[in-house]
Amino acid sequence: MKIVKEIFGRIWAVWCLILFISTMFIAVIFYLPLLLMPYKKAAEWHRNVSRIWMTLFLNLIGCPIRITGKENFKKNENYVVVCNHNSLMDIPVTTPFLPQANKTIAKKSFSRVPVFGWIYTWGSVLVDRKNVESRKKSYEEMKRVLQKNLDMLIFPEGSRNQTAQPLRPFYDGAFRLAIDTHKEIIPVLMFNTKKILPPAKPFYVMPHQIRMDILPPVSTENISMADLKEKVFKIMWSHFEANK
């Protein structure tokens with residue numbers, strides 16, 4: 001049975017790759033107006049096109065998404081959104097399906113992928129984590145995103161969680177940004193993306209429903225960065241354990 005599952009996962013990965021590339025070349029036509037749009041309008045358009053594209057793609061590969069907690073985003077407010085990171089599947093899912101237009105902090109290396117890299121760049125603040133100057137510039141750009149009344153999405157674990165634990169330790173960046181800009185933090189938990197696209201298995205995809213749980217906002221007033229980071233970590237850990 002295990003061998004059958006492994007074979008199926010590889011065959012399904014071929015199907016997913018074909019679908020992703022074919023639908024991407026259709027979607028890219030609808031991304032072209034971004035070239036003529038102002039900053040905030042471009043982010044909203046990017047999210048809307050991405051949501052339509054990803055809804056089609058996810059359903060065709062047997063990975064529909066269910067979202068809870070959209071009401072935690074208050075109208076006319078924007079946030080620093082922090083999300084757990086288990087799989088490469090998290091990246092194309094989070095930005096389109098969050099309730100408000102946003103940008104995400106992302107690896108600069110992905111921007112070099114033909115066609116996809118161009119789409120990816122429009123929805124991201126790019127950073128080369130090995131370059132100090134790049135990290136400084138990305139931090140200032142994230143502030144600009146928030147000043148433009150967009151949400152800023154950050155994966156505080158830094159890289160994919162390949163451990164058996166619900167979360168890896170958090171880096172400081174998201175929490176420093178939230179305090180510096182006086183923005184509340186909204187924690188988001190993704191479920192089952194590791195089952196769909198396991199980080200330890202190359203070229204393997206297994207159909208499964210995706211869940212996105214959006215939790216209530218956490219105030220950043222009158223709290224230190226260290227305490228804020230610990231508080232959000234505990235909230236997310238507890239929710240994951242109670243709902244896995």
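I take contact to mean heavy atoms within 4.5 Å. Helices (H or I, at least four residues) and strands (E, at least two) are DSSP runs, numbered from the N terminus. Axes are lines fitted to C-alpha atoms, for helices over the stretch in contact, and angles run from 0 to 180 degrees between N-to-C directions.

**Entry 1: ground rules.** The model is predicted: local features need pLDDT of at least 70, side-chain atom pairs count only at pLDDT 80 or more, and totals for chains, interfaces and linings use all residues. Residues are numbered from 1 along each chain as its sequence is written, and side-chain values use heavy atoms, with hydrogens and water left out.

**Entry 2: the sheet.** I looked up the strand order. The sheet is open, has 7 strands and reads E1-E7-E6-E2-E5-E3-E4, with mixed pairing. Two strands pair if DSSP finds at least two bridges between them. Strands E1 (65-68) and E4 (124-127) are at the edges with a single partner strand each, so one side of each has no neighbour in the sheet. On average, neighbouring strands of this sheet are turned by 20° against each other, direction ignored.

I then checked E1. Its pairing with E7 (residues 210-214) is parallel, over 4 bridges. Ile-65 has Ile-210 in E7 as its bridge partner.

**Entry 3: a helix across the sheet.** Next I followed H5 (residues 132-147). Helix H5 lies across E2 (80-83), E3 (102-107), E4 and E5 (151-154). Its direction is at about 165° to E4.

**Entry 4: aromatic rings.** I found 14 aromatic pairs in the structure. Rings of Phe, Tyr and Trp (its six-membered ring) pair if their centres lie within 6.5 Å; planes under 30 degrees apart count as stacked, over 60 as edge-to-face and the rest as tilted.

Phe-20 and Phe-57 have ring centres 5.5 Å apart and planes at 75°, so this pair is edge-to-face. Phe-20 is in H1 (residues 2-31) and Phe-57 in H2 (residues 39-60), so the pair ties together parts 37 residues apart in sequence. Phe-57 is buried (under 20% relative accessible area; exposed is over 50%, partly exposed in between, with a 1.4 Å probe and protein chains only), at 6%.

Phe-110 is in the loop between E3 and H4 (116-122), and Tyr-120 is in H4. Phe-110 is partly exposed at 25%, while Tyr-120 is buried at 7%.

Ring pairs join Phe-20, Tyr-31, Trp-53, Phe-57, Phe-110, Phe-116 and Tyr-120 into a cluster.
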